[in-house]
Amino acid sequence: MKAMKIIAIVATAVFCIAMAVGITLTAVGMEDGINTLEELFWQSEGQLSHQGPDQTASADGLKKIKLDVGAAELIVQRSDRSDIGLSYTSNRPVEGKSPVSLSESGGTLTVKTLDQTIHLWNFFRDFRLVRVVIDLPRDYSGELDAEVGAGTLTLRDQHTFSSMKVDVGAGECLMGSVKTDKADLSVSAGHIEAEKLDAVQVKLSVGIGAAELAGLTGGASIDVSTGGAELTFDRLGGDISCDVSMGSVTLELPSDTAAEVSLSASMGNADQDFGSRFAGEDRDGTLEGRLNGGGPYRISGSASMGNIQLEER
């Protein structure tokens, strides 16, 4: 009984916080139709007129970049400069403690946007919009480790990393073109989107959020709870495994993809639209057979109350 009371108290607290945040964003958007923090940034584009002091760091011996994005917008782009540059703008005069810090130690560069306390009853006066821009040398190809809270991380241009890890809470990560050996991506209640992710292996974990990854060329390991994941492959270069609870996974594959298929769903669906290109069992939530005669790679997975869909591009 005591445990149940504790659970009830925690659940009530989470609900109240969610309602407070929702009411706040609704109040901000009443006049201009703003519904999300991202829209708030874009609507306030003209208000980010206060420039903070630029910061720089050496790129010599740099092996890893760590990004900690709180409620700010952080943009990473490539440039012709030999060092690393950081600049930021804000909707409020830059005074007191900087909203972003940059430090370097042991071959690791750490960029962190500092947390801010927001009083819901005085939102307009206390809330600070911050946009941070990081310029990386074009030849940097080390590791990337990013954690996104409620803000937005954007990887502009073309990037090459030896490996990358991105953990998104309630925020968003938007990627242009990224090439890497290993991509470890997780999203709780937020959103991850990639225009082209050329990775040997992708590990993707989705809670109640969403992931849209395109331009894939390798293999993938996918774990979805109640959210959704859409993966579009330019070509299949490795095995795909899926574990779905109540969410959904859609795999878009080229029509000439040759692979062994073993997918099943208990109370959900496992389906394909390759038609005669698929040979095998396709009924009662079971896909067991071969695409285009089979091949060196295997597409396997199971869904409890969720869905797994194979779609022909």
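A residue counts as partly exposed when its relative accessible area lies between the limits for buried, under 20%, and exposed, over 50%. The model examined here is predicted. Lys196 has 32% relative accessibility, so this residue counts as partly exposed. Asp234, with a relative accessible area of 37%, is also partly exposed.

Lys196 and Asp234 form a salt bridge, with the closest N and O atoms 3.4 Å apart. The pair links distant parts of the chain, 38 residues apart. Lys196 sits in strand S12 (residues 191-206). Asp234 sits in the loop between S15 and strand S16 (240-244). Arg313 joins these two residues in a network of salt bridges.

The count of salt bridges comes to 10. One of them pairs Lys64 with Asp145, at 3.9 Å between the closest N and O atoms. Lys64 lies in strand S3 (residues 64-69) and Asp145 in strand S9, so this bridge ties together parts that are 81 residues apart in sequence. Lys64 counts as partly exposed because its relative accessibility is 22%. A further salt bridge brings together the side chains of Arg81 and Asp83, at 2.7 Å from N to O. Arg81 is partly exposed at 31% relative accessibility. Asp83 is partly exposed at 24%.

Gly151 and Glu172 are 21 residues apart in sequence. In space, their C-alpha atoms are 6.5 Å apart.

Two surface patches were also examined. Glu193, Glu195, Glu212 and Glu230 form a negative patch. Glu230 belongs to strand S15 (residues 228-233). At 43% relative accessibility, Glu230 counts as partly exposed. A nonpolar patch of about 370 Å² is made by Met246, Met267 and Met305. Met267 lies in the loop between strand S18 (259-265) and strand S19 (269-272). Its relative accessibility is 66%, so Met267 counts as exposed.

Methods:
Residues numbered from 1 in each chain as written. Predicted model: local features only at pLDDT ≥ 70, side-chain atom pairs only at ≥ 80, totals over all residues. Heavy atoms only, no water. Patch = residues over 30% accessible without salt bridge, like charges linked within 9 Å, V, L, I, M, F, W, Y side chains within 5 Å. Areas by Shrake-Rupley, 256 points an atom, 1.4 Å probe, with all protein chains shown as cover. Salt bridge = Lys/Arg side-chain N within 4 Å of Asp/Glu carboxyl O. Lys, Arg positive; Asp, Glu negative; His and termini not counted. Charge placed at Lys NZ, Arg CZ, Asp CG, Glu CD. Helix = DSSP H or I, 4+ residues; strand = E, 2+ residues; numbered from the N terminus. Buried < 20%, exposed > 50% of the residue type's maximum accessible area, 1.4 Å probe, protein only.
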